[in-house]
Amino acid sequence: MNTDTPLLFRPMPLRGLTLPNRLVLAPMMQYRAENGFATDWHLAHYGKFALGGFGVVMTEVVSVEKAGRITHGDLGLWSDEFIPGLKRVTDFIHSQGALAAIQIGHSGRKASSQRVWEGGGPLTAADAAQGEAPWTPRGPSELPYGPEFPKPHALTIPEIEELIIKFGEAVARADRAGFDIVEIHGAHGYLISSFLSPVTNNRQDAYGGDLNRRMKFALDVTSAIRANWPSHKPLFFRISIEDGAGKEGWSLEDSLAIAPLLAERGVDIIDCSSGGINGSPTVQNSIKGLGYQVPYAEQIKNAAKVPSMAVGLILYPQQAEDVVQSGQSDLIAVGRQALYDPFWPLHALQALAPDATFKHWNESSGWWLQRRANAIAKFGLAPSGESLPK
């Protein structure tokens, strides 16, 4: 890499680490865990993105307690038993020169749900008959996620304090499992997000009421995590910059208020998402345009003065490069486009730097691909829609 290298592919120092490039695999639920445990499926799933050139490979959200899962297929980290399975994943990610990130969270009132391809509704007696019994969700208030969902248990202050400790214990396990970066999931209507929003938090105690009290849980969790996370390792926080409830919900102004407070408690990057308080952010995203959340990242970075990560329909290499070059965000998270093309970063490098060769691929594949490129050039073949290095 040199000064002609696209900014997207230049290393970025962050705390005591150096990110190999500015591309992060966005956290995306997969619902493939077995009783909370990572399996060979997770090794293969996350491993392919390390092979594909992502500088940071981030897992889906991992729950800090059993009741904090969204579905029976969620990963867990409420016990030391989960460390070895996750360590296999981080070891492989590191072997490919990437950093391993883990998203830590709690489902809150969205718990006890079916997997999305099974309907995404609350677990039923039919699910229980197949070995996946429902459980009682936990949240800031007794406000169900939807009319068909069960009423959550409103957490008492001692229970909140116990949960904060569990967040700290979970990240200590994440460190032992070899993760380099932790992201706190404070978005999309899950537990932390539901404490922030006045739509889902009607408490009138230390953890509810005005903005400062609604922010308390998120800030207390962040402090507990930073205290249990090595000082040289970065900490991210994902937030719904606007939670999708309009004027009644969490707003951009609220996000600009909390961002510096999170930074004071040791957050290095704000991951700027949106929506989810009363519905699926994925469904909401489908009606948006390219890069529709980039302005949120720009506001956090330039108005709140906190480094940010942009995510949301960032599909094209030049689009991603323009975002970081313009100073709208520090990092780019790629999600569903990565599922479509796990080698998106390597393809993006070839598109942005025509003189790049296959030496940036792992040697086992790069050797073959360079020979293929040479043969295509020799015989005048031109694969449709493909950019090949010389």
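Residues are numbered from 1 along each chain as its sequence is written. Because the model is predicted, local features need pLDDT of at least 70 and side-chain atom pairs count only at pLDDT 80 or more, while totals for chains, interfaces and linings use all residues, and side-chain values rest on heavy atoms, leaving out hydrogens and water.

The overall form comes first. The protein holds 13 helices and 13 strands, these being DSSP runs numbered from the N terminus (helices are H or I, at least four residues; strands are E, at least two). Along the principal axes, its C-alpha atoms fill a box of roughly 70 × 50 × 40 Å. The radius of gyration is 21 Å, which agrees with the value near 21 Å for a compact globule of 390 residues; this radius is taken over C-alpha atoms, and the globule rule is 2.2 Å times the number of residues to the power 0.38. Of the 390 residues, 58% count as buried, where buried means under 20% relative accessible area, exposed over 50% and partly exposed in between (1.4 Å probe, protein chains only).

Next comes a pair of helices. Helix α1 (residues 40–51) packs with helix α2 (residues 83–95) at an angle of about 20°, their axes being 9 Å apart. This angle makes α1 roughly parallel to α2, a label given to angles under 35 degrees, with over 145 called roughly antiparallel, 65 to 115 roughly perpendicular and the rest oblique. Axes here are lines fitted to C-alpha atoms, for helices over the stretch in contact, and angles run from 0 to 180 degrees between N-to-C directions. On the α1 side, the contact (heavy atoms within 4.5 Å) is made by Asp40, His42, Leu43, Tyr46, Gly47, Ala50 and Leu51, and α2 contributes Arg88, Val89, Phe92 and Ile93.

Helix α12 (residues 344–352) has 7 of its 9 residues buried, so it is largely enclosed by the rest of the structure. The buried residues of α12 are Trp344, Pro345, Leu346, Ala348, Leu349, Gln350 and Leu352. Their cover includes α1, together with β3 (23–25), α10 (317–325), β13 (331–334) and α11 (336–340).

Gln114 lies in the loop between β6 (99–105) and α3 (125–129), and Gln114 is buried, with a relative accessible area of 15%. Not counting residues up to four places away in sequence, Gln114 touches Thr71, Gly119, Gly120, Gly121, Pro122, Leu123, Thr124 and Asp127.
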